[in-house]
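Hi there,

Have it open while you read, and take your time with each part.

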Amino acid sequence: MQSEKINQIKAEIASATATNAEELEAYRMRFISKKSVIGALFAEMRNIPNEHKKAFGQEVNEVKQLAEEKFQDLIAKSESGNQKKASLDQDLTLPPTAWPVGGIHPLTAVRQRIVTIFERIGFNLSEGPEIEDDWHNFTALNFPENHPAREMQDTFFIEKHPDIALRTHTSSVQVRVMENEEPPIRTLSPGRVFRNEAISARAHCIFHQVEGLYVDENVSFADLKQTLFHFAKEMFGKDTKVRFRPSFFPFTEPSAEIDISCQLCGGKGCNICKGSGWVEIGGSGMVDPNVLKNCGIDPEKYTGFAFGMGIERIAMLKYQINDLRLFTENDIRFLSQFRGLL
Ligand SMILES: [Zn+2]
């Protein structure tokens, strides 16, 4: 009699169908769940005489397995059925969904703008390694032995090689150019630089610089001023004023910080310019004769000027960005605002 019941369940399983979620659930309730007909068979086990228990148990397990296999089968069939249905529901005459197109990163756009401005007045592009030796990063550039930039807290040195460091500026590229080329040299070196700084709204351990170098006979400070004056007007607009403030760098003499009139207040004084009407964009100066000599260029015959600017700094001033960290956070809400630049 039990066998008859089991055979009946088997037949029922074999003919079961399910095309949607409700029917699948109904199947699950009838054959799989604890309260299913198969569950009831297991409950009956205790009423079976001992000598038949083993055979009965085998039969019940068999039907249980059958029910589960069928269940998987029904799930698979109903899924592929749904997909088929979904694909038939599509209207192929509708226009496709537009995929959002990415944009150029603001730093890349600003870098490209700077490069274009200088290329138009005869500068070429030069690049160098980000991992530098002491000579190209410091010594050739007239940094004295005890200069603070050479300390571990300012520069990332590679531990096993105190001579090797991540470059702290792209001036190292200028050294390489001067070592390998004869004047006249007019070159622009953009690139990534590294300093051991705590990350904040105003400082980062990785940032980008662009440095320019012009070496030839009779290059004067007037050429430096005129070149940067041209750059400031091209980059920030024709009403931009430029100011040079005396400063000190080991590799230039004389040296000057470059300020431009504040873009936000037009020179009247505001938060951004701290009330002065001026904001700093970089450093500059006449190449120190020692540096020319170190690079195999005769300082008696040639003179040159050099300047350096932070690309982040220029981008922050141009687009009034108030936090340096935004450039590296990869937040689409920030980056998408620069779509269409260039
Ligand atoms: Zn201002």
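In strand E9, Gly 283 is the bridge partner of Glu 257. This is one place to start looking at how E8 and E9 pair: the two strands run antiparallel and are joined by eight bridges. Please keep in mind that this is a predicted model.

E8 has another neighbour as well. Strand E7, residues 242–249, pairs with E8 in the antiparallel sense, over seven bridges.

Is E8 largely enclosed or largely open? Eight of its ten residues are buried, so E8 is largely enclosed by the rest of the structure.

Leaving aside residues up to four places away in sequence, Glu 253 touches Met 286 and Asp 288. An unreviewed UniProt entry has the annotation "binding site" on Glu 253.

Now for the metal. Which atoms hold the zinc ion? The zinc ion is coordinated by the SG atoms of Cys 262, Cys 265, Cys 270 and Cys 273, at 2.2 to 2.3 Å. Along the chain, these donors follow the spacing C-x2-C-x4-C-x2-C. The angles among the four donor atoms are 106 to 115°, and the site is tetrahedral. For comparison, the ideal angle for four tetrahedral donors is 109.5 degrees.

Cys 262 and Cys 273 both lie in the loop between E8 and E9 (278–287), so this pair ties together parts that are eleven residues apart in sequence. Cys 262 and Cys 273 are both buried.

Finally, have a look at Glu 44, which sits in helix H3, residues 37–44. Is Glu 44 buried or exposed? Its relative accessibility is 17%, so Glu 44 counts as buried, because buried means under 20%. The side chains of Glu 44 and Lys 5 are joined by a polar contact of 3.1 Å. Not counting residues up to four places away in sequence, Glu 44 touches Gln 2 as well as Lys 5.

Happy exploring, and do write back with any questions!

Best wishes

Notes. Residues are numbered from 1 along each chain as its sequence is written. This is a predicted model: local features need pLDDT of at least 70, side-chain atom pairs count only at pLDDT 80 or more; totals for chains, interfaces and linings use all residues. Side-chain values use heavy atoms; hydrogens and water are left out. UniProt positions are given in the numbering used here, feature names are shortened, and annotations may be inferred rather than shown by experiment. Contact means heavy atoms within 4.5 Å. Donors are N, O and S atoms within 2.8 Å of the metal (3.2 Å for Na, K and Ca); water is not among the atoms, so sites may look incomplete. Four donors count as tetrahedral if all angles lie between 85 and 135 degrees; four count as square planar and six as octahedral if opposite donors are over 155 degrees apart and all others between 65 and 115; anything else is irregular. Helices (H or I, at least four residues) and strands (E, at least two) are DSSP runs, numbered from the N terminus. Buried means under 20% relative accessible area, exposed over 50%, partly exposed in between (1.4 Å probe, protein chains only). A polar contact is a pair of N or O atoms within 3.5 Å; within protein, one must be able to donate a hydrogen and the other to accept it, and residues adjacent in sequence count only if both atoms are side-chain atoms. Two strands pair if DSSP finds at least two bridges between them.
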